[in-house]
Amino acid sequence: MKKNLLSIVALCCTVATAAQGTDKIGAILQHGDDSNVYYGSTGLRQAYDAAVDGDVITLSKGTFDPVTIEKSVTIYGTGFENNDESGTAITTINGHLNVGKADVVTDGIHIEGVKVNGSLRNNYKLKNYTVKRCYITESMTFANNIENVLVKQCRIGGDLSGGKTILADRLLIANCYVWGQVNYFSNESIVQIDHSFVGYQYNTYNDYNDYNIYAQFLWTNSIINSRGPNYRMATGNYATVKNCIVVNGGGGIRDNNIVENCYFVDAANIFDDAEDVTYTESRTFKLKDEDTYKGTDDTPIGPSGGAGWVKIPTTPYVKNLDAIVNGTQLGVSYEADVR
């Protein structure tokens with residue numbers, strides 16, 4: 001009887017909230033043709049706990065508690081910034097997001113369209129891993145070997161880094177804005193930074209310290225900024241640098257780098273939408289001179305070229321999530337639009 005009474009009270013509260021037209025926070029778990037909805041800030045955690053490999057979790061706007069992702073699931077949010085044109089708001093995971101499982105190679109995790117209010121900590125071996133159109137407010141780190149990882153059209157507030165023994169077998173960072181440094185993967189790694197902006201250069205106090213040595217990356221079509229008097233080299237030792245812009249005042253590219261078609265340009269003369277390199281929601285990163293500063297693919301250097309600086313997820317998104325009552329049945333109403 002007590003259990004039934006609590007259910008009735010909960011139902012009445014749900015109906016009252018629905019009558020007010022409140023858009024609820026929730027997560028939809030899709031397993032084949034079956035779907036389940038989990039409400040509130042714990043919705044992501046509940047959906048994840050119920051998920052199995054291959055399932056899809058679609059989040060509404062709002063703020064969710066973080067989870068540790070050990071299953072091969074796909075997580076879609078509405079985006080990491082407000083967008084009036086698409087009518088979407090921000091999906092926030094409020095805390096550090098941990099990915100991977102000990103002693104296992106987790107294959108096929110996909111995270112898209114969320115703001116991680118903290119670090120994205122990739123703790124264990126990962127394969128075929130995608131992070132797309134996300135905002136990581138702090139750093140993105142890799143603590144174990146990875147294979148075929150794509151970080152695309154993301155904003156990262158800190159460093160993107162591994163460790164000198166971490167093997168990155170095909171890590172592609174494409175059309176990203178990284179305010180920190182990309183560094184620190186083993187010399188056997190295959191790491192490419194393409195059509196991106198990277199905010200921090202490499203230390204010149206000791207040309208042969210760990211961070212300079214373990215950064216033998218391929219830089220293509222990217223813009224490398226100058227920050228701080230002691231960080232004056234665009235890249236690490238023995239890197240390959242093609243069709244990149246180095247923000248003037250940042251020193252140069254190391255003599256031991258392979259260099260083709262690079263430019264040194266003042267910050268005020270690079271972009272059409274601002275005279276600096278700071279981030280704002282309205283930035284397009286369009287170049288002032290797109291005809292001169294072209295990449296290896298004949299598109300503009302930087303985030304506006306290649307696949308472009310696109311922040312809105314290309315997937316279905318949830319809005320107007322709400323509860324409905326049909327006689328004695330409590331159901332769920334939501335819109336899943338396609339961008």
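This is a short tour of a predicted model, stop by stop. Residues are numbered from 1 along each chain as its sequence is written, and side-chain values use heavy atoms, with hydrogens and water left out. Because the model is predicted, local features need pLDDT of at least 70 and side-chain atom pairs count only at pLDDT 80 or more, while totals for chains, interfaces and linings use all residues.

Start with the open sheet of 10 strands, paired in parallel in the order β4-β7-β11-β14-β17-β20-β23-β26-β29-β31. Strands here are DSSP runs (E, at least two residues), numbered from the N terminus, and two of them pair if DSSP finds at least two bridges between them. Select 62-64 (β4) and 263-265 (β31): these are the edges, and each has a single partner strand, so one side of each lacks a neighbour in the sheet.

Next, select 177-178 (β20) and 197-198 (β23), a parallel pair joined over two bridges. Tyr-177 faces Phe-197 of β23.

Move to Arg-170 in β19 (residues 168-174). Its phi is positive, about 75 degrees, though Arg-170 is not a glycine. Then select Asn-261, in the loop between β30 (258-260) and β31; its phi is also positive, near 55 degrees. Most residues other than glycine have a negative phi.

Methods. Helix = DSSP H or I, 4+ residues; strand = E, 2+ residues; numbered from the N terminus.
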